[in-house]
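User: Can you walk me through this one? I'd like to go topic by topic.

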There are 2 protein chains.
Amino acid sequence: MAESIDPEITAHVAGLAAGARQASRSLALLSRADKDAALRAMADALDTASAEIIAANDKDIARGRANGLAEGLVDRLRLDEARVRAVAEALRDIAGLPDPVGEIVRGSTLANGLQIRQVRVPIGVVAMIYEARPNVTVDAAGLALKSGNAVVLRGGSAANESNRALVVVLRGALESQGLPAASISLIDEGGRDAVRALMTARGQVDVLIPRGGADLIQAVVRESTVPVIETGVGNCHVYVDARADLDKAQAIVVNSKTHRVSVCNAAESLLVHRNVASSFLPAVLAELASAGVTIHGDSEIEVYAKEAGAAFTPATDEDFAREYLSLDISTRIVDSLDEALAHVQRYSTGHTEAIVTEDRGAARRWIAEVDAAAVMVNASTRFTDGGEFGFGAEIGISTQKLHARGPMGLSELTTTKWVVEGDGQIRH
Amino acid sequence: MAESIDPEITAHVAGLAAGARQASRSLALLSRADKDAALRAMADALDTASAEIIAANDKDIARGRANGLAEGLVDRLRLDEARVRAVAEALRDIAGLPDPVGEIVRGSTLANGLQIRQVRVPIGVVAMIYEARPNVTVDAAGLALKSGNAVVLRGGSAANESNRALVVVLRGALESQGLPAASISLIDEGGRDAVRALMTARGQVDVLIPRGGADLIQAVVRESTVPVIETGVGNCHVYVDARADLDKAQAIVVNSKTHRVSVCNAAESLLVHRNVASSFLPAVLAELASAGVTIHGDSEIEVYAKEAGAAFTPATDEDFAREYLSLDISTRIVDSLDEALAHVQRYSTGHTEAIVTEDRGAARRWIAEVDAAAVMVNASTRFTDGGEFGFGAEIGISTQKLHARGPMGLSELTTTKWVVEGDGQIRH
């Protein structure tokens with residue numbers, strides 16, 4: 001943080017943030033109808049501009065390929081007609097959600113007749129730093145607008161042409177609705193210095209949400225003086241208890257691990273109670289093996305893995321701490337619920353931790369003692385998700401304890417103010 | 001932040017934080033009955049040890065006087081029998097409050113049968129940095145315990161002997177109840193390095209709450225890598241609108257300014273609409289003058305102040321930005337509600353802003369457009385207070401937007417976890 005930042009870049013970012021602040025004052029006063037109309041106009045504009053957006057995206061893809069970007073990442077970067085239609089449709093879905101602004105969280109009339117109420121209001125200026133998926137640009141802009149916030153976006157440089165094209169379209173749509181273009185800003189230059197300028201724009205930016213890999217998130221948490229909402233690193237465990245229903249357990253383990261491997265709510269670690277190890281591990285490891293999963297474990301696990309025909313690697317301490325985001329799982333046999341709890345306490349990233357058990361006492365202890373955004377009994381870790389929880393949309397999954405914990409929907413993009421109405425009351 | 005911290009002090013603070021973490025795991029599982037019994041035992045122990053506590057406090061007072069501490073501060077520092085009884089009684093009051101832990105914030109049964117609920121749980125380890133009032137030591141310890149958190153306290157060095165004595169008594173009472181003494185720790189040595197070690201104990205300490213003057217709070221906000229809840233700097237305004245009831249306005253202005261001057265919810269600035277300036281200012285300035293208030297303003301205000309017999313000082317831009325915490329008020333005549341809103345937007349610290357008006361439209365605009373923890377219509381700014389709001393107890397008043405905004409009671413010392421209970425559900 002002691003390194004100096006190019007003053008031109010600092011000034012550029014400060015200018016964007018000041019424009020966003022100004023815009024946020026208008027956005028905070030918009031009715032739901034106005035915001036929804038703007039969201040629909042943004043969606044229509046994306047549909048209309050589909051060809052230009054795809055052309056810009058083609059440049060990103062060509063540059064990515066020239067730079068040797070892996071095909072998996074090229075695919076995440078790609079926008080085709082169907083994907084542009086889908087991001088536009090996501091904006092229409094956001095328009096269909098209730099407005100969080102104005103919701104009364106609690107309120108009462110005090111003994112002296114004062115009427116007090118705690119009301120949801122926008123946070124103000126929300127910044128997001130994220131990686132290469134251009135759909136995040138549109139999602140973040142839509143969620144920020146619906147919650148009455150201005151947004152400053154910093155996408156991955158690999159998606160820069162796509163993000164520029166998308167933001168031009170979105171800003172044009174806002175202006176067509178009489179709303180300030182500065183409601184949505186993109187920092188599309190300035191490299192690492194621009195990121196640092198954004199992270200230190202305290203007072204100009206109200207909250208910073210990093211979305212991406214563990215390295216990005218840790219760098220932001222470490223360097224930011226703007227309040228941060230930490231998202232989404234998940235070293236999620238499934239613990240199969242002595243009294244688990246082993247059919248349910250197998251389905252949950254396989255689903256948690258293999259349903260989608262690159263996401264934060266995928267399971268990365270399997271703990272099995274010794275009493276059921278010999279009856280459970282052969283079948284589950286065989287099914288994991290047939291899905292292409294590599295098992296990381298100790299010599300005890302190695303025996304089961306080899307018998308099940310699964311790929312095996314000896315597990316180091318780091319293996320148990322890792323968020324693989326791949327077809328890998330660390331596995332351990334534990335002697336007791338206590339040992340399982342201690343293991344989770346040591347390695348958990350506080351995202352999602354699941355127990356499979358029919359034992360009411362074990363379930364109750366798991367729920368009470370595991371310290372995580374989501375604690376589950378007899379369910380796949382994949383359910384920790386704003387869509388699954390019924391929020392309608394999600395800006396990320398918070399793994400911190402302040403402000404928001406777990407899936408963040410529109411409410412989590414608001415703060416509150418206390419409104420106090422009286423008739424001349426004074427304190428005695 | 002690049003300066004190095006004495007490694008022994010870092011290790012000492014890390015040791016306290018680790019002990020607190022360990023203790024927090026037990027505290028999180030306590031029933032309300034256990035916590036209330038401990039709070040009552042703490043209160044009884046304070047009553048029993050009153051003489052030792054007062055003897056320790058005498059040493060602080062003698063040292064303070066020898067160091068030339070102002071009598072006002074000596075009075076804030078002082079503990080006598082009545083005050084020890086009062087802090088003990090405050091613990092019994094906390095025992096009487098509902099337990100925030102376990103409260104279900106929201107919940108539902110999803111289409112697939114999963115039952116989800118968002119439940120309040122303790123944050124974990126809460127640290128507080130505060131100044132010279134030893135009653136804060138007991139209040140903070142009590143509120144932390146009731147909300148299931150371990151607490152690490154760093155009081156002002158002027159109160160060090162008092163705080164030591166209090167914490168010894170409180171820890172003894174915890175142990176007598178079978179609870180870990182490490183639930184309450186005091187950092188009573190290490191000077192500035194200890195504060196810096198605490199502010200950078202990210203991962204060991206979950207949240208840091210500074211309570212004190214603007215300098216302390218700004219230093220903590222700037223240097224802390226632990227998430228901070230910013231509290232209590234209040235440059236609170238009262239705006240007397242063109243359509244104010246001037247009797248109510250006078251009572252509200254005088255009460256907001258003079259009821260207690262050293263607190264963050266005292267008014268520091270008065271704005272008066274030009275249409276009522278000549279009918280309002282003479283009487284209100286005379287009453288402020290008779291209460292000993294000095295008026296800070298421009299030449300227009302000077303004329304009114306002199307006619308009212310009030311002490312007057314020309315106001316600089318800094319005067320309008322200042323939290324006086326004394327018998328001073330900045331005053332300005334504005335030509336319109338818009339000008340009042342612009343003034344508040346420029347100078348507000350986001351604490352409490354009041355309008356006095358009988359005009360529904362003006363009140364609605366004030367409520368909607370002022371960005372502060374509390375916005376008031378026809379009420380004294382002094383009402384922004386956890387006790388007044390009915391929270392029963394208050395750990396501080398947050399002026400930030402994330403996690404908590406306004407008076408913080410027990411709920412604000414909690415986070416939530418999602419509990420997901422199923423019967424083998426997996427994602428399709």
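User: Which residues touch the most other members of the largest nonpolar core?
Analyst: A:Val152, A:Leu198, B:Val152 and B:Leu198, in a core of 278 residues. A nonpolar core here is a set of buried Ala, Val, Leu, Ile, Met, Phe, Trp, Tyr and Cys residues joined through C-beta atoms within 7 Å. Buried means 20 or more other C-beta atoms within 10 Å of the residue's own; exposed means 12 or fewer, and partly exposed is in between, with C-beta atoms placed from the backbone.

User: What am I looking at, and how is it numbered?
Analyst: This is a predicted model: local features need pLDDT of at least 70, side-chain atom pairs count only at pLDDT 80 or more, and totals for chains, interfaces and linings use all residues. Residues are numbered from 1 along each chain as its sequence is written, and chains are lettered from A and ligands numbered from 1 in the order in which they are written.

User: What does A:Leu198 touch?
Analyst: A:Val13, A:Ala127, A:Val152, A:Arg154, A:Ile187 and A:Val205, leaving out residues up to four places away in sequence. Contact means C-beta atoms, placed from the backbone, within 7 Å.

User: Now the open sheet in chain B. What's the strand order?
Analyst: β5-β4-β3-β6, four strands with parallel pairing. Strands (E, at least two residues) and helices (H or I, at least four) are DSSP runs numbered from the N terminus. Two strands pair if DSSP finds at least two bridges between them.

User: Which strands stand at the edges?
Analyst: β5 (184-186) and β6 (207-211) of chain B. Each has a single partner strand, so one side of each lacks a neighbour in the sheet.

User: How much are neighbouring strands turned?
Analyst: By 20° on average, direction ignored. Axes are lines fitted to C-alpha atoms, for helices over the stretch in contact; angles run from 0 to 180 degrees between N-to-C directions.

User: Which helices pack on that sheet?
Analyst: Helix α1 (residues 7-27) of chain B touches β3, β4 and β5 of chain B, with its direction at about 145° to that of β4(B). Helix α6 (residues 135-146) of chain B touches β3, β4, β5 and β6 of chain B, at about 165° to β4(B).

User: And how many bridges join β3 to β4 in chain B?
Analyst: Five, between residues 125-130 and residues 150-154. B:Met128 stands opposite B:Leu153 there.

User: Switching to the interface. How many residues does each chain give?
Analyst: The contact takes 54 from chain B and 54 from chain A. On the chain B side, β16(B) gives the most, with eleven residues.

User: What's the make-up by class on that side?
Analyst: 27 nonpolar, 15 polar and twelve charged. Ala, Val, Leu, Ile, Met, Phe, Trp, Tyr, Cys and Pro count as nonpolar, Asp, Glu, Lys and Arg as charged, and the others, Gly among them, as polar.

User: Which strand of chain A is joined to β16(B)?
Analyst: β13 (residues 374-379) of chain A, parallel, through five bridges. A:Met376 has B:Val420 as its bridge partner. Likewise, five bridges join β16(A) to β13(B), also parallel, and A:Val420 stands opposite B:Met376.

Technical notes
Two residues are in contact if their C-beta atoms, placed from the backbone, lie within 7 Å.
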